[in-house]
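Subject: Structure for your attention

Dear colleague,

Please find the structure below, followed by a summary of what was found in it.

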Amino acid sequence: MEIIVPIRQVPDVALNIRVNEGKVVEDGVSFVISSWDETAIEGALQMTEELGGEVTLLGIGPERVSEALRKGLAMGAHKAIHVLYEEGQTDSFGYAKIMAKVMEGRNYDLILTGKQAQDTDAGLTASMLAEFLDLPQVTNIIRFSDLAVDGMTLYRKGDHGTEVIGIKLPAVVTVNDSLNEPRLASMRGIMMAKKKPMETLSPSDLGMGAEELGLQGSMTEVLKFEKPESRKEGERFEGDETETVPMAIQKLVSEAKLAV
Amino acid sequence: MPKVLVVAETKNGELKKPTLELLSLAKSMNLQAESVLIGKEVSSQADLLAGYGSGKVYVADDAGLEIYNTSKYTTLVADAVGQSGATQVWLTSSETGRDLTPRVAARMGVGALSDVTELEIDGDNITATRPCMATKLVQQCRFTKDGLRVISIRAGAYEAEEASPQTADTVSLSIPEGDARVEVRDIQVEESNEIELNEASIVVSVGRGTGGTEGCDFVKPLAGEMGAAFGASRAVCDAGWMPHKHQVGQTGTVVSPDFYFAFGISGAIQHLAGMSGSKVIVAINKDAEAPIFKVADYGIVGDLFKAVPVFQEEVAKIKN
Ligand SMILES: Cc1cc2nc3c(=O)[nH]c(=O)nc-3n(C[C@H](O)[C@H](O)[C@H](O)COP(=O)(O)OP(=O)(O)OC[C@H]3O[C@@H](n4cnc5c(N)ncnc54)[C@H](O)[C@@H]3O)c2cc1C
Ligand SMILES: Nc1ncnc2c1ncn2[C@@H]1O[C@H](COP(=O)(O)O)[C@@H](O)[C@H]1O
């Protein structure tokens with residue numbers, strides 16, 4: 001099975017993220033693979049371990065994205081495509097258009113991604129790509145079974161339960177993080193990653209002009225980033241629960257209008 | 001003149017609250033609204049949509065629409081957009097909305113803004129505020145090109161007003177075939193009459209501090225007594241103490257109830273991402289240093305096993 005896993009390099013949201021004049025400060029930020037995309041890599045590796053075939057990573061962005069791709073290769077992916085893209089951020093629509101170009105003439109059975117990127121929290125790119133490629137989509141999967149070269153069964157976490165979906169390949173599928181626990185790269189994996197093939201393409205190699213890139217290729221733009229109004233710590237109640245709980249509840253009723 | 005098409009969602013044949021929130025929002029902004037109602041045995045809900053201010057209601061009522069199906073739903077929404085001449089499509093950011101929003105947008109050849117918490121509308125110029133970076137930041141966005149605006153709005157971001165049903169002006173949509181490459185076979189539902197997390201006005205959640213399934217079961221009756229939905233941290237769901245559908249947080253359900261009670265939850269960033277939009281947060285934790293206290297309006301430093309029975313007594317007193 002040939003699987004393409006688009007991975008996005010994002011600021012590590014576990015660390016402090018600073019904003020200056022409406023922009024995210026990139027200086028001193030450490031960049032990582034978006035965590036849901038790591039889940040997708042792990043899922044893809046498990047599938048190829050069972051059925052054979054290769055996992056190809058796809059990263060779109062500046063030079064530093066090659067580090068994320070190397071990390072994914074170190075986890076066990078077989079090869080990588082880096083679209084060296086210096087035109088600045090675009091939106092999910094713009095990235096999906098670029099990905100659709102990358103897919104042209106390529107051989108794949110499955111495109112597997114995270115359900116959303118950790119920086120945008122948008123969750124738009126994969127389904128847009130599916131539409132552009134006229135492929136079926138299943139998003140937010142928590143399990144797969146009955147793996148075969150031409151299809152599989154997917155379990156999607158829906159609003160009212162787990163939807164069981166049979167899908168014919170090729171298809172676009174996105175993963176929920178409860179699908180698996182991504183493996184860590186081994187020392188040997190890291191050494192081997194250095195020798196794995198990485199294809200670097202420019203947007204013009206893909207036949208894309210300026211009007212399709214950056215803000216021009218976007219349908220939306222971010223005007224500014226802000227720190228949300230941070231919640232302030234309220235009142236503390238310390239002491240014996242038989243005293244603190246009634247006190248807190250009394251205030252909840254009188255001040256915050258709790259009604260049960 | 002902007003015209004909004006609201007994609008209605010139902011459960012067990014009844015409209016869900018987030019849908020009513022969207023129609024109430026359209027009304028409060030003096031926008032013309034219509035809606036599209038998709039499902040099995042859902043037609044009866046058209047009158048309530050009308051009561052909430054929906055002009056025409058485009059209805060697709062079919063046994064084959066019982067379980068969500070990307071392909072069929074996308075075709076139906078696109079059909080309704082075409083017939084209504086809507087300039088905006090609003091969805092809720094439920095799992096259905098998350099799947100459908102980008103597919104509908106791409107089908108119409110436009111972009112989308114998802115999981116919006118604040119909308120400013122001036123004609124079809126829209127400024128949307130939405131959380132990003134695991135809610136560490138918010139971003140203000142806008143559409144840069146002409147065309148249809150496709151937006152998903154977070155449940156609880158706006159209030160639903162009260163309204164009573166009115167006779168609806170309905171249009172039946174023709175039922176599409178669906179994509180033969182996808183077979184939606186079944187839905188595995190855990191039977192429950194529990195209140196849904198993203199619709200509840202009170203949520204009681206439990207964390208690893210409960211120590212196990214028994215500890216979770218110890219807190220659960222309190223949720224029932226308060227008419228609250230029952231949530232959990234990921235630590236609890238991963239350990240198998242509670243099913244995953246209870247998970248609150250960045251990767252679980254995002255909730256913004258009037259009251260959020262956290263029993264034995266430390267307040268990790270990913271958990272906060274799912275509940276820091278709550279109006280009032282109450283934390284019960286035995287560690288005075290727990291980060292949850294930084295966001296709690298009422299913080300009780302104590303043992304949940306001692307606190308829960310006192311809570312139950314006090315709640316019983318309020319009820320009487
Ligand atoms: C990509 C990613 C996504 C994630 N998504 C989510 C998510 O969606 N939701 C989520 O919740 N987490 C999520 N997490 C996990 C998150 O980082 C935390 O690990 C998790 O929230 C911790 O759960 P907890 O607070 O229950 O457990 P802990 O952090 O172990 O906290 C337990 C708390 O209970 C207190 N306690 C212990 N005993 C008692 C007692 N008797 N009485 C009162 N208090 C007591 C302790 O003082 C402690 O503060 C995610 C992590 C990652 C990496
Ligand atoms: N620049 C990019 N390079 C590679 N993959 C991307 C990029 N942007 C988005 N993606 C993929 O699309 C998914 C969803 O992104 P988003 O729509 O921003 O939430 C990510 O998890 C990635 O798998």
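How many helices and strands are there in chain A? Chain A has six helices and 15 strands, where helices (H or I, at least four residues) and strands (E, at least two) are DSSP runs numbered from the N terminus.

This is a predicted model, in which local features need pLDDT of at least 70 and side-chain atom pairs count only at pLDDT 80 or more, while totals for chains, interfaces and linings use all residues. Residues are numbered from 1 along each chain as its sequence is written, chains are lettered from A and ligands numbered from 1 in the order in which they are written, and side-chain values use heavy atoms, with hydrogens and water left out.

The C-alpha trace of chain A spans about 70 × 45 × 40 Å along its principal axes. Of the 260 residues of chain A, 55% count as buried (under 20% relative accessible area, 1.4 Å probe, protein chains only).

Beyond its neighbours within four places in sequence, V36(B) is in contact (heavy atoms within 4.5 Å) with residues including L5(B), Y58(B), V77(B) and L173(B).

How values were computed:
Buried < 20%, exposed > 50% of the residue type's maximum accessible area, 1.4 Å probe, protein only.
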